[in-house]
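Visitor: I have a few quick questions about this one. Can we go through it together?

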Amino acid sequence: LYLLRSDLKGNLIIQTRMDPETPSQAVQAKRLPRAYLTAFAYGIDKVFWYNLRAFETSDTDPESHFGILHSNFTQKPAYVAYKVLTQMCPDGSTRPSWKHQGFVYQTTWQRPDGKYVSALWTAGAQQKIHLSMVGQSSLTNHLGVAVTPEDSSATGINLTVTSGPIYVVSDGEIPTFNVVETGIQHVSSNENPVKSNQICQT
């Protein structure tokens with residue numbers, strides 16, 4: 001946390017992560033929307049991703065591959081994930097709320113068009129959840145590909161959640177979930193106290 005000793009207002013938070021190896025492009029694409037949504041939910045107003053274009057001058061230097069574009073400006077999966085995130089959480093959306101049940105995480109916000117959006121992902125192994133929903137809804141993964149639920153009932157749908165966020169867009173109430181199948185012990189649900197206001201500025 002850096003305090004700005006100038007006329008500028010606010011604080012600057014630097015988030016770094018050290019991996020023993022350079023993460024794959026697929027992993028980078030999964031982490032990007034999770035990082036943005038988690039930051040927004042915990043009260044951060046602006047997020048700047050480092051960096052836009054990868055240098056790609058070294059096969060062994062991790063920093064050479066941080067960008068969401070290749071050195072020739074072609075798109076990496078993380079760029080697609082960023083584009084989908086801006087569509088799901090456009091300017092004028094409310095600040096995401098935060099909830100988790102064990103290792104399954106959910107952030108939820110309302111877009112300017114009035115629709116509710118939830119992003120669901122795991123911090124570990126995939127887990128099966130039951131998602132309770134009211135009204136019409138659509139499911140999309142972090143790369144914008146439609147997701148088909150495994151089965152449905154009068155109370156909702158069953159869905160397998162992985163480390164790649166799944167977006168649930170609903171015309172009705174905010175969807176809620178329960179873990180129904182997991183090999184990992186989990187704790188009860190918790191929500192952070194963040195209040196909703198205008199926030200999504202990706």
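Visitor: Is Lys115 buried or exposed, or in between?
Guide: Lys115 is partly exposed, at 31% relative accessible area. Buried means under 20%, exposed over 50%, partly exposed in between (1.4 Å probe, protein chains only). This is a predicted model: local features need pLDDT of at least 70, side-chain atom pairs count only at pLDDT 80 or more, and totals for chains, interfaces and linings use all residues. Residues are numbered from 1 along each chain as its sequence is written, and side-chain values use heavy atoms, without hydrogens and water.

Visitor: Which residue does Lys115 meet in a salt bridge?
Guide: Asp171, at 3.8 Å, N to O. A salt bridge here is a side-chain nitrogen of Lys or Arg within 4 Å of a carboxyl oxygen of Asp or Glu.

Visitor: How far apart in the chain are they?
Guide: 56 residues. Asp171 lies in the loop between strand 10 and strand 11 (176–181), Lys115 in the loop between strand 4 and strand 5. Helices (H or I, at least four residues) and strands (E, at least two) are DSSP runs, numbered from the N terminus.

Visitor: How many salt bridges in total?
Guide: Four. Among them, Arg95 pairs with Asp45 at 2.9 Å, N to O. Arg95 is buried at 7%, whereas Asp45 is partly exposed at 43%.

Visitor: New topic. What about the largest nonpolar core?
Guide: That core has 21 residues. Leu37, Leu85, Met88, Trp109 and Tyr167 have the most contacts inside it. Core members are buried Ala, Val, Leu, Ile, Met, Phe, Trp, Tyr and Cys residues joined through side-chain atoms within 4.5 Å.

Visitor: Which element gives the largest share?
Guide: Helix 1, with six residues.
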